[in-house]
Amino acid sequence: MLICPSMMCANFDSLQKEVRELDIAGADIFHIDIMDGHFVPNFGMGLQDIEAIKKATKKQVDVHLMISNPGDYIELFAGFGVDIIYIHPESDNHPTRTLDKIKEKGKKAGIAINPGTSIHQIEELLLLVDYVLVMTVNPGFSGQKYLNYVDEKIIKLVNLKNENSFEIIVDGAVSPAVMKKLSGIGVDGFVLGTSALFGKKQKYTELMKNFKS
Ligand code: DX5
Ligand code: ZN
């Protein structure tokens, strides 16, 4: 079960300390939300945050590009040494070309799909990606409510896994109860933000131990 801390929810007073503690606690992939104020009505983390996080850990780092025309920026983000690049096919006229670009750069490729995006709209992309990031909130903000109607789509995706080789990561308002529910049906990992990981009384090590058990 991959644990991907959503770093936009971290305590920015001491980002490096947060990364180190999460790393030791057992985080698998550091999740960095990039936003352009156009594809989503918000701004996420910056390029300097990618550098700072990369400097503080040897674990994998991903970028969740909630931006329009992500194909124009693959060179830029790959240059920061991230391991996984997620694009939203909803914001790209040629997602297959962009996914090729990501792989040409030696990075793992992922598609992030909005709550309203159906499997049929992205089925042909499934054989091209290593990860599918299923949004269970409308992207762009932390601290929202989990959208239960997405569960049905997650089950459909799980059923498509055997013909392809992608892993399913769920992103958005993932609580311990949601993790319990979904890890039993074949989901491979979770982006964890304020619903399960950040702003809690318990230490990261304690929280992660509970999640992993
Ligand atoms: C949503 C973001 C995530 C996540 C945050 O666009 O990708 O940061 O929702 O976690 P929660 O929803 O638990 O605060
Ligand atoms: Zn995200």
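By class, the shell around ligand 1 holds seven nonpolar, 10 polar and two charged residues, where Ala, Val, Leu, Ile, Met, Phe, Trp, Tyr, Cys and Pro count as nonpolar, Asp, Glu, Lys and Arg as charged, and the others, Gly among them, as polar. This is a predicted model, in which local features need pLDDT of at least 70, side-chain atom pairs count only at pLDDT 80 or more, and totals for chains, interfaces and linings use all residues. Residues are numbered from 1 along each chain as its sequence is written, chains are lettered from A and ligands numbered from 1 in the order in which they are written, and side-chain values use heavy atoms, with hydrogens and water left out.

**Contacts of ligand 1**

- Ser-6, Gly-143, Ala-173, Thr-194 and Ser-195 come nearest among the 19 residues around ligand 1, a residue being near if one of its heavy atoms lies within 4 Å.
- An oxygen atom of ligand 1 lies 2.8 Å from a backbone N or O atom of Gly-143, and an oxygen atom of ligand 1 lies 2.9 Å from a polar side-chain atom of Asp-171.

Key. A polar contact is a pair of N or O atoms within 3.5 Å; within protein, one must be able to donate a hydrogen and the other to accept it, and residues adjacent in sequence count only if both atoms are side-chain atoms.
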